[in-house]
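Subject: Structure handover

Hello,

Here is the structure I promised to pass on. Please open it alongside the notes below.

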Amino acid sequence: MFGFIPVIILLSAAIAVVVLNFVPRGPGIAWLVAILASVIAWIITLLFKNRLPFNLSFHSLDSLGAAYLFPFLQIDIISWPIAFMICAVTISLLIVSSARIGRDADCWEWAGILLLGALGYLASQTGNLLTVILLIGIFDIVDIGFLSFSGKTNEEFSFNITNSVWHFVSLILLIISLAWNSSLPDVSDDWKSIQPGPMYLILASCVIRMVMLPINKVTGSPRETKEGLFISRICMDMCITLSVLFRLSVPTNNTAIKSGFLLYLLGISIFAIIVLLIGKTSSNAAVLKIVFACMIMSEFLYGFSASGIQLLICSIGIFLVLVLQYPVNTFSKIVGVLALASFSGLPFTPNNTGYSGFTVKGQIPGIIFLIPATLLFYYSIKKTLKKENFENPEGERWAVYLSPTGLIFPIISSWIILLQWMPGLFRLNIVIQPIIVTVAGFVIFFFERMNLFNFESGIASGKTLYLKLLEKSQFSRFSFFSGFQNKLSLPISTINNLLEGDGGILWAILCLVLVITILQSLGMS
């Protein structure tokens, strides 16, 4: 039970913050209480690492013959890094929000951040699939509640609720996988008993939940809710979903299905990073989450779960630096450089083995994923060094200096996790893939600064060249093919729209993977 004390602390602090909202001069005290509670939870989570694992179960009801129908929580060496990082993210969001005090940061936002942190902590420590379904369901209900109060008009309200449909689909797949796995012989109530068919459904559920198509109707925008809650929802959802993924055994059979998932992740990651680089999105945070999730899930599919966990904890620090609003000064720039260093793949950094799965082996060579990974690191360098300043005329002067310090906690936590989790971190361990990503990212950034290369103009030139080639195609020169060309114009334009805008062809690949999974589970080939 000791391992779940941080959850009690965070929930109690959330209630206290709400109460203080109705007390004169209470918001200032509420903000301080929220930070102290999250720091205490962070410290406790760090201290109990050497006492792992912790279990909270209902196995005393085994005599009833229905033990696996009850929830089971477990904190172990796999989930501890994620729990520790969730506490760090909660602290970071609360401290950084001080820059918006007097503008839009208030007790309701801080209470929401604490509540999401507590739910994220619990949902990332699940011992079986039923517990995942229950806690993710609760998380989604709370999320819908936040979205319901964020829409100022009926149109915005409908827009926000519609975006939750994908989470509902993901939850339905988890329920189906639980029912499917329960119908199979010789199963128990832990993750090791998950059979291949249900496992692929769980994987599809995680993909649907995390790797959504990078379009406005799906990703939404920060207008959905206040900034702290919006970023907290993304981070907690990311930690919860990927913690489920890391509980699964790495699939070793059904290479066709695995290749289908990898192709989908590759296509989405390239598409999403291009959308980020050309700036055609209403929510950089939501699309950036997609790129990170693609990289991490691909690591898992290639059989490198430990590297995936490393990549997750290192990506959160740079993610917060890129998407949060805070005053830009010398200190914040130093913190940004530290985040880049942690996220880089250089030796003696936390992410020095973060891309180990991207090799030349496999039906879908993992080395191809180095392309979006390199562009992601280049984007991180560019946006970190050119971070837009945030000014709040109604804010306090002390907040200008305090706010950026919140970014330190996820960065420090990534180093602490790796020191505790991988004692051999400071042994010279050279992995070529992270070094390639880091060096190539810096080279692209250097070429752009020297005006030798511009990504946005390159995309525009490529599109212009494509249109010119289309106009000069042989089809337009011969009347014999004119009727044929007219018949093809509609499907061609439809495919073009899918590839450029909605990305639906990539969604079709995922649906095909699901169909193949179900057919193979029924014994069909």
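The expected span of a helix is 1.5 Å times one less than its number of residues. Helices (H or I, at least four residues) and strands (E, at least two) are DSSP runs, numbered from the N terminus. Helix H11 covers residues 255–278, 24 residues in total, so it should span 34 Å; its end C-alpha atoms are 34 Å apart, in agreement.

This is a predicted model: local features need pLDDT of at least 70, side-chain atom pairs count only at pLDDT 80 or more, and totals for chains, interfaces and linings use all residues. Residues are numbered from 1 along each chain as its sequence is written, and side-chain values use heavy atoms, with hydrogens and water left out.

More on H11. Of its 24 residues, 17 are buried (under 20% relative accessible area; exposed is over 50%, partly exposed in between; 1.4 Å probe, protein chains only).

The whole chain. It has 21 helices and two strands. Buried residues make up 54% of its 525 residues. Take contacts (heavy atoms within 4.5 Å) between residues at least 6 apart in sequence: 83% join residues at least 24 apart.

Aromatic pairs. Rings of Phe, Tyr and Trp (its six-membered ring) pair if their centres lie within 6.5 Å; planes under 30 degrees apart count as stacked, over 60 as edge-to-face and the rest as tilted. The structure holds 15 such pairs. One of them is edge-to-face: tyrosine 302 with phenylalanine 369, at 6.0 Å centre to centre and 85° between the planes. Tyrosine 302 sits in the loop between helix H12 (284–301) and helix H13 (305–323), and phenylalanine 369 in the loop between helix H14 (330–343) and helix H15 (370–385), so the pair ties together parts 67 residues apart in sequence. Tyrosine 302 is buried, at 17% relative accessible area. Phenylalanine 369 is buried too, at 0%.

Phenylalanine 377 and phenylalanine 442 also pair edge-to-face, at 5.6 Å centre to centre and 70° between the planes. They link distant parts of the chain: phenylalanine 377 is in helix H15 and phenylalanine 442 in helix H18 (residues 432–449), 65 residues apart. Phenylalanine 377 is buried, at 1% relative accessibility. Phenylalanine 442, at 42%, counts as partly exposed. Ring pairs link both into a cluster with Phe292, Phe319 and Phe343.

Best wishes
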